[in-house]
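Dear colleague,

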Amino acid sequence: MTPLPDGYRVVAVPRERKPELLAVDHLAFAYEPDAATSEIVPDQLEWDRTVAVERPDGTLAAVHASYDFDLPVPGGEVACAGLTWVGVRPDERRRGLLTAMMDAHFTRSLERGEPVSALTAAEMAIYGRFGYGCASDDVRLKVPRGARLRDVPGSDALTVRIATADPDEHTELVHALHTAAGAGRPGWVLRSSDALRRGRVVDPPAWRDGGEPLRIVTVHDEAGEPRAYALLRRKETWAETGARYPVMVREAVAADAAAAHRLWSFVLDMDLTHEVSVRGLAPDDALLSLLLDSRSAVPQIGDNVWVRLLDVPRALTARRYAAPVDVVLKVTDDRLPANARRWRLTTGEADGAGLAAEVTPSDDEPDLRLDVRELGGAYLGGRSLAAYARAGLVTELTPGALLRTATAFSWPLAPVCSWVF
Ligand SMILES: CC(=O)SCCNC(=O)CCNC(=O)[C@H](O)C(C)(C)COP(=O)(O)OP(=O)(O)OC[C@H]1O[C@@H](n2cnc3c(N)ncnc32)[C@H](O)[C@@H]1OP(=O)(O)O
């Protein structure tokens, strides 16, 4: 365990201490929500998973929490501690408080039987040292109004509606479509509580930055069933040449190609608008294939979900593999010594989801050497072990083992999480 400054200790934070937790969070993230915002945004924390560092005088210096998630992985899902709300008072930083909290987070997650932790990072430099690997990328686009799309049969038969987003009316619709659209995609974390689901649809005035209230565009089939949605906001903007409203999309998902085509045909051609910005898309999102000129959408790649394997054999057996492999991995792990050894990963019979694997301790000569961080990075099938080797982060010890293992770890759908948690 990392030593804390004298007299400091890691403590659980019950709901009664919420004001103290918020005070640390506001100092760490440099914001202060007004009363109306606090009223509207639901309390999303799980109070049996909320932890702090307490100072000798009993005040809080640092906080973190986690969500009880099922993380979609290639061919299945795994119990996952979704790390969140990490914050250290600015006058307490760089004294090892985060490091101590990470040790506590790992211990508690393993005690709860969660072999994996995942997070979305405030800054990229923070979490690699704790064994988290960036396991997915997301794409951010700025699409010019009127960008042309390839035709998709059936799109014309679908209808579009627009309304002001209403958490009471739309939370369930958004959750149901979000669930359906992400089926089979690694990394597609579902919002696991009513509060998280509602939190995606709420719209306190302080978040509008001069724009309109949050709207929801929905696409419906002939029976009236919703097939796609976009949560978005336009902002009145006039230039000398006329209207140049930006459209900011908070989240857009579609259950199939025709619905995606209908949704984007509408969103990309709203009157008075100039450009549509959207983030949180998978690198293989349908929109990128539908755009005739995706270059004009100025694609930008950003880090998305970071994954930490806490229990290597349980984590590796929770996913499926894309090709047969029998490999001995020599894994290093500075923080969780039980992971730091040789593991033999052997795939077996294929079922509908892919190839299952057995992972057992081994004393055989290793075929590949890598850190738990790169194993986490490759875990969702979005980062290639072969590419890591080219960066010197994975070492091939048996010729041919790298290609076979990288192929087995790959997956046809790119991982992504459509929201920041
Ligand atoms: C999942 C999420 O919730 S992401 C949100 C993370 N929170 C924030 O970004 C809020 C603002 N920042 C903070 O609250 C804090 O500065 C934190 C949480 C990032 C770091 O907390 P600290 O207690 O200062 O970290 P700690 O002292 O344990 O640092 C451990 C090591 O990480 C390094 N480190 C910590 N934060 C950063 C950073 N942002 N960038 C680069 N290195 C960092 C430290 O330099 C230290 O390195 P060393 O061991 O080589 O000396």
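Two residues are taken to be in contact if their C-beta atoms, placed from the backbone, lie within 7 Å. On that basis, in this predicted model, Ala62 touches Val24, Ala52, Val53, Gly87, Val88, Arg89, Glu92, Leu97, Leu98 and Met101, leaving aside residues up to four places away in sequence.

Ala62 also belongs to the largest nonpolar core, which has 116 residues. Together with Ala228, Leu263, Val267 and Val307, Ala62 touches the most other members of that core. Strand E3 (residues 60-73) supplies the largest share of the core, 9 residues.

Turning to the ligand, 22 residues surround it, the closest being Val86, Arg93, Leu98, Thr99 and Ala122. Two or more residues of this shell come from each of helix H1 (18-29), strand E4 (76-88) and helix H3 (97-111). E4 contributes the most, with 6 residues. By class, the shell comprises 13 nonpolar, 4 polar and 5 charged residues.

As to the overall fold, the protein has 11 helices and 21 strands, and 42% of its 421 residues count as buried. Among contacts between residues at least 6 apart in sequence, 76% join residues at least 24 apart. The C-alpha atoms fill a box of roughly 65 × 60 × 40 Å along the principal axes.

Regarding confidence, the mean pLDDT of the protein is 97, with 100% of its residues at 70 or more. For the complex, the predictor gives an ipTM of 0.97 and a pTM of 0.97.

With kind regards

Note on methods. Residues are numbered from 1 along each chain as its sequence is written. This is a predicted model: local features need pLDDT of at least 70, side-chain atom pairs count only at pLDDT 80 or more; totals for chains, interfaces and linings use all residues. A residue is near a molecule or strand if its C-beta atom, placed from the backbone, lies within 6 Å of it. Helices (H or I, at least four residues) and strands (E, at least two) are DSSP runs, numbered from the N terminus. Ala, Val, Leu, Ile, Met, Phe, Trp, Tyr, Cys and Pro count as nonpolar, Asp, Glu, Lys and Arg as charged, and the others, Gly among them, as polar. pLDDT is the predictor's confidence in each residue, from 0 to 100. A nonpolar core is a set of buried Ala, Val, Leu, Ile, Met, Phe, Trp, Tyr and Cys residues joined through C-beta atoms within 7 Å. A residue is buried if 20 or more other C-beta atoms lie within 10 Å of its own, exposed if 12 or fewer, and partly exposed in between; C-beta atoms are placed from the backbone.
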